[in-house]
Every structure is written in structure tokens, then in C-alpha cells.
Amino acid sequence: MERARPLFDRRRLLKGAVLAAVPYALLPETLAGAAPQPVDHALAEWQPATTSNYTNSDRPWSYDIDRVVIHVTQESYTDTLGIFRNPAKQVSAHYVVRSADGHVAQCVREADVAWHAGNWGYNTRSVGIEHEGWVDKPAYFTDALYEMSAVLTADICERYGIPRDRKHIIGHYEVPGTDHTDPGPYWDWARYMRMVDLA
């Protein structure tokens, strides 16, 4: 007759105690409690801005989110990420879209207020998307950039109940009090809005 197994297996208990004593630094990263990527858009890569360049918040509870603001960086993708990491610059956006392949970097959580519009009221109520390029160089507005940006904008609109129209998806130049012209005369709004509708 087989002996009844004790409720607490001494060997398993000892193994558990040894594992509990192992410093987390010695465990593989996935077992060490590494936080998942904190992106709001599933296709984005986390490339955080310095905390000196945005305001911590808990939107949409602290402020309603009812706009997406479209920007053009006037810098390269890499330089833009560097600017957002530089505390002296006092600027950020929630996302940056790369021209060549449409790769999306998230730099500020959507719950936080990025400093992108130059207007505090618009910053508090919008998600800012920067697009790599220059307003006078339309070659930067590639198919990939438009496509991935449209998917991103549609996702933001879906999550916050933002209408997919030009009243709620605006250019930086449309923010009251701005002196910016982006996304500029070569940004194809009709094409972009069609793509947002279809995304």
C-alpha cells in the first residue's frame, strides 16, 4: 500500500525557498518582473521622452481627449527622438512616425500631456503625432508614413470616441496662437483622411 503524500512536500518547499532567495538580477529578464512595453498603440515601439518635457496626468479622467494634432518634425526621426530626450528642449509629442517605413515610436503615454501644440488647452485635450520630414520636401511623405500614421490616428479615434473628421484631426497650423505651418502645403489631407476612415 502506497503511503499518503504529505500536504506539504518538503523538497518542493525547499526549492521554492531557494528560488525566492535568488536575487532578481540573476534571473532572466522575463522572469525578473520586467514590465511590459508601456505603449498605448500596439504597433508602436517605446522610445520615452525625458519626464522634463511633458506633464504627468491621468487623461482622459483629468482632461478629455478630443483631438489628434498632425505635425511634421523639421528634423530626422533620430534627431527628433534625441530632442524629446533632451530636458533643455521643453518639447515632446506622443508619437513619431518614421518616413522610410512608417515605423511608429511612442515617446509619451497618452494619459500624459505632451508639449507639442504650443497651446496648453490643446495640449491637454489632444494626442500629438510627429511625422519625420520637412514641410517643403514632399518626398518624406511616403506611402508607408501615411499608412501607418492613418492606422495610428484611427486607433486613437476609436479608443477615445473622437470623430474621424477635419474638425478633430487637425494640423499644427490650425492650433490657435501657433506660428507653425506644419504639416505644410504638401501634406495630402484628402488622402490621409480617406486612409483614416478605412483603417
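**Loops, cores and helix packing**

Me: Where does P60 lie?

Reply: P60 lies in the loop between β2 (54–55) and β3, where strands (E, at least two residues) and helices (H or I, at least four) are DSSP runs numbered from the N terminus. The model is a predicted one, in which local features need pLDDT of at least 70 and side-chain atom pairs count only at pLDDT 80 or more, while totals for chains, interfaces and linings use all residues. Residues are numbered from 1 along each chain as its sequence is written, and side-chain values use heavy atoms, with hydrogens and water left out.

Me: And the peptide bond from R59 to P60, cis or trans?

Reply: That bond, from R59 to P60, is cis, with omega near 5°. The bond from D182 to P183 is also cis, with omega near 15°, and P183 sits in the loop between β8 (169–171) and α5.

Me: What about phi of Q74?

Reply: Q74, although not a glycine, has a positive phi of about 60°, and its place is the loop between β3 and α2. With a relative accessibility of 33%, Q74 counts as partly exposed, given that buried means under 20% relative accessible area, exposed over 50% and partly exposed in between (1.4 Å probe, protein chains only). Q90, in the loop between α2 and β4, likewise has a positive phi, near 55°, and at 43% relative accessibility it counts as partly exposed.

Me: Changing topic, which residues of α2 are buried?

Reply: In helix α2, residues 77–84, the buried ones are Y77, T80, L81 and F84. Viewed down the axis of α2, they fall within an arc of 100° (taken from the directions from the helix axis to the C-beta atoms), so they line one face of the helix. Their cover includes β1 (44–46), β4 (95–97), β5 (104–106) and β7 (126–131).

Me: Which residues have the most contacts inside the largest nonpolar core?

Reply: They are I169 and Y192, in a core of 26 residues, where a nonpolar core is a set of buried Ala, Val, Leu, Ile, Met, Phe, Trp, Tyr and Cys residues joined through side-chain atoms within 4.5 Å. The elements giving two or more residues to this core are β3 (67–72), β4, β7, α4 (143–160) and α5 (189–198), and the largest share, 7 residues, comes from α4. A second, separate core has 11 residues, among them Y77, L81, A93 and A105.

Me: At what angle do α4 and α5 pack?

Reply: The two helices, α4 and α5, pack at about 50°, with their axes 8 Å apart; axes are lines fitted to C-alpha atoms, for helices over the stretch in contact, and angles run from 0 to 180 degrees between N-to-C directions. That makes α4 oblique to α5, since angles under 35 degrees count as roughly parallel, over 145 as roughly antiparallel, 65 to 115 as roughly perpendicular and the rest as oblique.

Me: Which residues in α4 and α5 meet?

Reply: From α4, D143, Y146, E147, S149, A150, T153 and A154 meet R191, Y192, M195 and V196 in α5.

Conventions:
Contact = heavy atoms within 4.5 Å.
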